[in-house]
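Hi,

Here is the structure I promised to pass on. Have a look at it first, and then read my notes below.

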There are 2 protein chains.
Amino acid sequence: MLDHLLNPTVKDATQFIGRYKSSRVIVIYGQVEATYSGRAAAQLRLMPRLIITKPDGVLMVHEGYREKPVIWNPPGSQLFVSVDGDVLVLRSIRYSPREYVTIRIHKVYMVSSMEIGLTEDFKVIGTEKDVVDAIMANPSLVEDGFKVLSREYETMVGSIDILGEDKLGNLVVVEVKRGEASPEAVHQLKRYVEYIKGKNPGRGVRGILVATGISTSAYRYLKDYGLEFRRYTHANIINYT
Amino acid sequence: MLDHLLNPTVKDATQFIGRYKSSRVIVIYGQVEATYSGRAAAQLRLMPRLIITKPDGVLMVHEGYREKPVIWNPPGSQLFVSVDGDVLVLRSIRYSPREYVTIRIHKVYMVSSMEIGLTEDFKVIGTEKDVVDAIMANPSLVEDGFKVLSREYETMVGSIDILGEDKLGNLVVVEVKRGEASPEAVHQLKRYVEYIKGKNPGRGVRGILVATGISTSAYRYLKDYGLEFRRYTHANIINYT
DNA sequence: GCCTAGGTCCCGTCG
DNA sequence: CGACGGGGCCTAGGC
């Protein structure tokens, strides 16, 4: 189930990685240098680091801090293992966009491997989709008398989360954010409102931003543009999901 | 330098993790269940998984596929280790925003640990900043006769990468993207141009999007708005960085 | 395959 | 400390 080699020879480590790279997760502690080139470029000098590969092609070089790897290639990349003198070489190619990672391991302290699966039905609760779902089920979360006309209404300038109508017959553009709304969210809403206004001359059009909160500068933009903000809390939503 | 325990008792594993959690990277292979709650929520049933902790508070639960952990807490989080019967429990708290990760390890196959550093002077070449630097050094990359007036010019609607002037005395708003420009980039540029026009009535104002490429829909928006596109290649830039 | 938009985004920088 | 915007973003969903 779990295999590992301590201070293996380059040859043994190469064989080990070759055997498991397409079926298991592999973890390597080693003295490592690495380069990346593709859309951008980066380089790492020799140092102890942690390397992880996964059967889907993921390759990551981790350091002692940060959540993200310093150098990596994403799923779909292809991994090649070879030997250059006393150095174990991992080369990874991502094809679209073309990106290359080369890792030279001068000393392998440990290489280990285990078969690990995937939670197929993994689900995160509390995403933007959940909030939109709740509004669809109970439109009054936006405001009293609000009626939904369309979800994911497609326009030339992007897709509107919810397009609806208020009790006075005005069109209402609703933009939903799962957390704190930023200025960018307000600009987005403004764009949609201007588009809908252009398409419906003479008709009243309102824009409502629905989020758990809003930054002060975003709120200033919002007010400048004549848009509205509606706060929701997790408690508002939870009953309708 | 590298320590590890194979199939340790819960007690030994606990002690091991407690000793190293604030100074080293720790890797655990185990039979794991986990929950996350905070801005959102998620849950994982018992399964073999890979767990990594780092001294800066990073905690990650990895599965056999994907680059990103399924459940995690970022740097700055605090890790607590305890025992619940035969189960090793890791609890992690992130304080702002408040988020909790609880990991229950029913079986530890291996726990290992090594001190790993950080590349302090790590640098990625080819970021947006590099492109802007190159234009600052050689404004004609934008167009012949272009003069820079200001970098990161702050406005009410965001900060303009480069504000300049063309040879005819028109104001020129330059928006730089490191890769393929999306519609979002065009909207951003349009916003800035409108703002600058509003502040400089009667003066000619142009908007130029500088990127390695542009999607077809983004190009359509760009033309509709009367904006311009200037392609750059890595080769254009590299001489000026 | 590319395009589009969300993310528990993370991450650095600047106030 | 929060706020803002970039990222080799990654990842899921449409076309």
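Let's begin with one residue: A:R191 is buried, because its relative accessible area is 12%, and the cut-off for buried is under 20%. Keep in mind that this is a predicted model.

So what does A:R191 pair with? Its salt-bridge partner is B:E184, and the closest N and O atoms are 3.2 Å apart. This pair goes from one chain to the other: B:E184 sits in helix α3 (residues 183-199) of chain B, and A:R191 sits in helix α3 of chain A.

Chain B and chain A bury about 5,500 Å² between them, and 61% of that is on carbon and sulfur atoms. On the chain B side, B:Y29, B:Y65 and B:E67 lose the most area to chain A, together 12% of what that side buries. The contact involves 64 residues from chain B and 63 residues from chain A. Between the two chains there are four salt bridges; one pairs B:D121 with A:R45, at 3.2 Å between the closest N and O atoms. I also found 29 residue pairs in polar contact between chain B and chain A. Strand β3 (residues 41-53) of chain B gives the most to its side, with ten residues.

A:R203 pairs with A:E165, with 2.8 Å between the closest N and O atoms. A:R203 is in the loop between α3 and β14 of chain A while A:E165 is in strand β11, so this pair ties together parts that are 38 residues apart in sequence. Over in chain B, B:K129 and B:D133 form a salt bridge too (3.2 Å, N to O). Both lie in helix α2 (residues 128-137), four residues apart, about one turn of the helix.

One last stop is helix α4 (residues 216-224) of chain A. Which residues are buried there? They are A:A218, A:Y221 and A:L222. Why do they end up on the same side of α4(A)? Because they cover an arc of only 100° around the axis. On the other side of α4(A), A:T216 and A:D224 are exposed. The buried residues pack against several parts of chain A, including α3 (183-199) and β14 (205-211), and also against β11 (158-165) of chain B. After α4(A) comes A:G226, with a positive phi near 75°.

Cheers

Methods: Residues numbered from 1 in each chain as written. Chains lettered and ligands numbered in written order. Predicted model: local features only at pLDDT ≥ 70, side-chain atom pairs only at ≥ 80, totals over all residues. Heavy atoms only, no water. Buried < 20%, exposed > 50% of the residue type's maximum accessible area, 1.4 Å probe, protein only. Helix = DSSP H or I, 4+ residues; strand = E, 2+ residues; numbered from the N terminus. Arc of directions from axis to C-beta. Contact = heavy atoms within 4.5 Å. Buried area = accessible area lost by both parts, 1.4 Å probe. Salt bridge = Lys/Arg side-chain N within 4 Å of Asp/Glu carboxyl O. Polar contact = N/O pair within 3.5 Å; in protein donor to acceptor, adjacent residues only side chain to side chain.
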